[in-house]
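Trainee: Could we go through the terms used for this fold and ask what stands behind each of them?

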Amino acid sequence: MPVWMQALMWGTVAGGALVLGSGIAWLWKVPPRMVSTIMAFGAGVLISALAFELVDEAVEGGGLLPTVAGFLCGALIFVGSNILLARAGAKHRKRSGEQQPNEQESPGSGTAIAVGALIDGIPESVVLGLGLVISGNVSPAMLAAVFISNVPEGLSSTAGMKKAGRSGKYVFGIWGGIAVFCGLASLVGYAALENAPAEMIAFITAIAAGGILAMLADTMIPEAFEEHHNLTGFTAAVGFLTAFTIHRVGG
């Protein structure tokens, strides 16, 4: 299979986990405490992946300065985008409770939520394509981390959309479209940087890492602690160790 097709395929597979999580939440009423627990696990997985799969490899491949610059840029880009989206009604797009507004309460919030969900998924998908540039193969640890974390993202957000009265057509249209865009983002990450210098690859990789960390702090971690219980922190630690173990075994 051509490498560009692998990038498209793996990005779509990872994005498809959002549809899987969405389907679970749409068909069954998942207890809020379970949603928070799954989200905590997903947050731990992504923290491990961005530390060991993204930042560490960016420094080794392109140096500290491009990595630091890219990381800060990624965080600023995501935070700036999130501020604008929050004003449009998408602040609670990953919350499973009653926080999400409906269209009557906040006109245009449906579009803002869709755009926000897309922005959340792009950095993760781009790095899958970048992994193919660096090594010629998708990173098993990064693919697993993105897939594992996308399931609770889709689950939690869909639970909130359902409570806000969004239709099934709207919900699955969003997640199905985002799965396709994730595949395209992975393809772009590969095609656009196939012959790029190491410093540029490190910079772009770090942008993705900074965006992912900002996304975690702004959207996933608040949901993880929504139904606080004594094992929330431990669950995040298990997620971290799961991704780290996959990284060590896969590497």
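This is a predicted model: local features need pLDDT of at least 70, side-chain atom pairs count only at pLDDT 80 or more; totals for chains, interfaces and linings use all residues.

Trainee: How many of the residues count as buried, and what does the exposed area consist of?

Mentor: Buried stands for under 20% relative accessible area, and 49% of the 251 residues in the protein chain count as such. The protein chain exposes about 10,900 Å², of which carbon and sulfur atoms supply 71%.

Trainee: Why is the set around L54, M142 and L216 called a nonpolar core?

Mentor: Because a nonpolar core is a set of buried residues of listed types, Leu and Met among them, joined through side-chain atoms within 4.5 Å. This one, the largest, has 36 residues, and L54, M142 and L216 have the most contacts inside it. Two or more residues come from each of α1 (3-27), α2 (32-62), α4 (109-135), α5 (140-163), α6 (168-191) and α7 (198-224), with α7 giving the most, nine residues.

Trainee: Which residues does L216 touch, if neighbours within four places in sequence are left aside?

Mentor: With contact taken as heavy atoms within 4.5 Å, L216 meets A43, L46, I47, L50, I221 and P222.

Trainee: How much of the contact set links residues 24 or more positions apart?

Mentor: Among contacts in the protein chain with a separation of 6 or more, such pairs account for 85%.

Technical notes: Residues are numbered from 1 along each chain as its sequence is written. Side-chain values use heavy atoms; hydrogens and water are left out. Buried means under 20% relative accessible area, exposed over 50%, partly exposed in between (1.4 Å probe, protein chains only). Accessible areas come from the Shrake-Rupley method with a 1.4 Å probe; for residues, only the protein chains shown count as cover. Helices (H or I, at least four residues) and strands (E, at least two) are DSSP runs, numbered from the N terminus.
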